[in-house]
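Please keep the sequence and the structure at hand while reading.

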Amino acid sequence: MVQYNPFSDEVMKGDPLPIYKQLRDEAPAYYLEEYDTWALSRFEDIWKASSDMKHLTAAHGTTSAHLMTKVQPVTPMINNMDPPDHTRLRGSFRKPFAAPEVAKLEPMIRKIATEKLAQAKDAGGLDVIHEMTAHVAVTVACSISGLPIEDGPFLNDLVWRFFKREEGHDGATNAGMEAMGEMFAYFIEQIHKRRASGPKNDVLQTLLEFEQNGEKLDDESLASHLAMLIIGGSETFPKTFATIAMRLWEYPDQRKMCIDNPSLIPDAYNEGLRYDMPTQFLMRQVKKAVTFAGQEMTEGQNIMFLYPSGNRDEREFPEPDKFDILRRPPRIMSFGYGPHSCLGVNVARLEGKICIEELLKAYPEYEVDMPNSERLLTEFVQGYWKLPITF
């Protein structure tokens, strides 16, 4: 019988995909007694549960740090809100994250990508995470949020410290929580500066004007929302880009297809997101008894959505373990689904498209230096910490 624990060495340090397949086949709703938590592993179950706000709630948190290890208090942020407040706040964010507004970021993204690639020419290579895409992602996140772009490297450091794990320690570390505390202090400082300088047309201003239960948000709540936007906007994209760069190197025929026909690059990015999704899970708590995968889940229990497992579910994807940029599936799990689907989907797709375009244009025959690559040790958002390529 399959054994699953998101904090086990087998999952965090090894390859969790074989375990996810066992879960799908043997226990599509798997109960972790220690945490009173159910893990859903099949695509359709996760898809349905993701939009079920009648039986499930995000108000008690959506991560293992909130609901399993309980080392992180639940703070007000859009991820941890239910309708109707969630609907109102998400609606107020609609314009800056809509495709027409996001398209205006293309010159900025392309400039950073081309500059970083050009700067690396004499060195003969670069780390696609720390020396390229981390700069793209955090600059865009700061620009949309209304934070100083020049503070991007400082925020990147805090985000990576927050996600770093230690062997033998379940979940977020003390150092990680200290990094989060520093991040909150920085955001509160920026909030005070904005109040003093006057309004601007950005997400920070939207948050300052938003009212919940008839009252404006306090500083801690505002900082919490900004943390979600910066972490979500800066941390995941570099990991997804690194694995896509690695897969296109691993499958040179598909890389050549993208070089010969750049219109396939968005398809390649989409398939990379399906094939190597970094976010291992998000969570909900049951507020009203519900049944998924034949198991009844009762009030107060937690549910994990194992997204990478859903993205490899053979019930949804023919030959799911095959990397195929021409797959074009009608739906994938990589941006979630339902009310809490990824707010930055248009941003991520544009960043991915441009960075792949510029990499293939500048160095179409790059090689990946796998012996010097490093993966993160984490239960939550897996992926590469370093992925050097050579030209």
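## Strands 1 and 2

Tyr-31 has Trp-38 as its bridge partner in strand 2. The two strands concerned, strand 1 (residues 29-32) and strand 2, are joined by four bridges and pair in the antiparallel sense. Strands here are DSSP runs of E with at least two residues, helices are runs of H or I with at least four residues, and both are numbered from the N terminus. Two strands pair if DSSP finds at least two bridges between them. The hairpin of strand 1 and strand 2 has four residues between the strands, and Asp-36 takes a positive phi near 50 degrees there.

The model is predicted: local features need pLDDT of at least 70, side-chain atom pairs count only at pLDDT 80 or more, and totals for chains, interfaces and linings use all residues. Residues are numbered from 1 along each chain as its sequence is written, and side-chain values use heavy atoms, with hydrogens and water left out.

## Strand 10 and its partners

Strand 2 (residues 37-40) also pairs with strand 10, in the parallel sense and over four bridges. Within this pairing, Thr-37 has Asn-302 as its bridge partner, and Trp-38 has Ile-303.

Are the faces of strand 2 and strand 10 buried or exposed? In strand 2 both faces are covered, with Thr-37 and Ala-39 buried on one side and Trp-38 and Leu-40 buried on the other. Strand 10 (residues 302-305) likewise has both faces covered: Asn-302 and Met-304 are buried on one side, and Ile-303 and Phe-305 on the other. Buried means under 20% relative accessible area, exposed means over 50%, and partly exposed lies in between (1.4 Å probe, protein chains only).

Three strands form an open sheet in the order 4-14-11, with antiparallel pairing. Strand 4 (125-127) and strand 11 (367-368) each have a single partner strand and stand at the edges, so one side of each is left without a neighbour in the sheet. Strand 11 and strand 14 (residues 388-390) are joined in the antiparallel sense by two bridges. Val-368 has Ile-389 in strand 14 as its bridge partner.

## The loop at Pro-83

Pro-83 lies in the loop between helix 4 (64-67) and helix 5 (85-92). With a relative accessible area of 39%, Pro-83 is partly exposed. Trp-47 is 36 residues from Pro-83 along the chain, and their C-alpha atoms are separated by 18 Å.

## Overall dimensions and surface

The protein contains 18 helices and 14 strands. Its C-alpha trace spans about 60 × 60 × 40 Å along the principal axes. For 391 residues a compact globule would have a radius of gyration near 21 Å, and the 20 Å of the protein agrees with this; the radius is taken over C-alpha atoms, and the globule rule is 2.2 Å times the number of residues to the power 0.38.

Of the 391 residues, 57% count as buried. Among contacts (heavy atoms within 4.5 Å) between residues at least 6 apart in sequence, 71% join residues at least 24 apart.
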